[in-house]
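Biologist: I would like to learn how to read a model of this kind, feature by feature. Could you give the general idea each time and then turn to the case at hand?

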Amino acid sequence: MVVLAAVVLTGLTGCADRPNDLETYYDKPADSTTTPVTAPSLAPSVSVGQAAANTPVNHIAEDVAAAVLTKSDLSGEGVREAAARAANGSCFDAVPAGDPRGSTWLYNSGSSLTQQVTGYLDRTAAEVLAQVDCDGTALTVARPAGAEAARAWCDGTTCTLLLAGGHVLSGLQVTASTQNRAAEAVKGLASLAAGKLPRS
């Protein structure tokens, strides 16, 4: 399985500035009567940098980055960004491995919100989500506009919502003082997170 996240973009695009080492130079033939061979021109010309920017890998990486909630997105939620991302809950651990983007936010009440966004090159996020099986109890959540699939679970006082769009899987995990508060929090954030998913 090929799994991708936004941080892969840095490693891949680092090769774009390398000089083209595939050119072959030929000496002029000793026999001047021989007709020189002219290499055909390639048109249109595409630079190495342009080719790298147009790869599916980079498009998915851009979609992953765009799906991450920002301080501006969460301005009405009364949260502040945590200094470090919280450890994965059991449901995030059930998501196929990757190198995800995301962060943790803290509510004044002491509750926490963690987002995990992962991109998949070899299959759609809806296909990935169909295979995810989290511990705990399934939570009924209406599929918000912008998401192709949505599933949620609660395990103790932590509830997790997974939303699929294109090749991007966006997860929201809320830990609160009670399961009901955590469930209401992820439901309330569903539309916001779904609106940042790519359109297939």
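Biologist: How many helices and strands does the protein chain have?

Modeller: Helices (H or I, at least four residues) and strands (E, at least two) are DSSP runs, numbered from the N terminus. Here the protein chain has six helices and eight strands, and from the N terminus on their order is β-α-α-α-β-α-β-β-α-β-β-β-β-α. This is a predicted model, in which local features need pLDDT of at least 70 and side-chain atom pairs count only at pLDDT 80 or more, while totals for chains, interfaces and linings use all residues. Residues are numbered from 1 along each chain as its sequence is written, and side-chain values use heavy atoms, with hydrogens and water left out.

Biologist: What is the mean pLDDT of the protein chain, and where is the pLDDT below 50?

Modeller: pLDDT is the predictor's confidence in each residue, from 0 to 100. The mean for the protein chain is 79, with 71% of its residues at 70 or more. Residues 1-30 have a pLDDT below 50, and beyond near neighbours in sequence this stretch has 34 contacts in the model, a contact meaning heavy atoms within 4.5 Å. Residues 32-53 also have a pLDDT below 50, with seven contacts in the model beyond near neighbours in sequence. Where pLDDT is low, the predicted coordinates should not be read in detail.

Biologist: Is Thr-114 buried or exposed, and which residues is Thr-114 in contact with?

Modeller: Buried means under 20% relative accessible area, exposed over 50%, and partly exposed in between (1.4 Å probe, protein chains only). Thr-114, which lies in strand β4 (residues 112-120), is buried, its relative accessible area being 1%. Leaving aside neighbours within four places in sequence, the contacts of Thr-114 include Arg-85, Phe-92, Ser-103, Thr-104 and Leu-172.

Biologist: Which side chains meet in a salt bridge?

Modeller: Side chains of opposite charge can pair when their charged atoms come close. A salt bridge is a side-chain nitrogen of Lys or Arg within 4 Å of a carboxyl oxygen of Asp or Glu, and the structure holds one. The side chains of Lys-196 and Asp-73 form this pair, at 2.6 Å from N to O. The pair links distant parts of the chain, 123 residues apart, with Lys-196 in the segment after α6 (179-194) and Asp-73 in the loop between α3 (56-67) and β2 (79-81). Asp-73 is partly exposed, with a relative accessible area of 25%.
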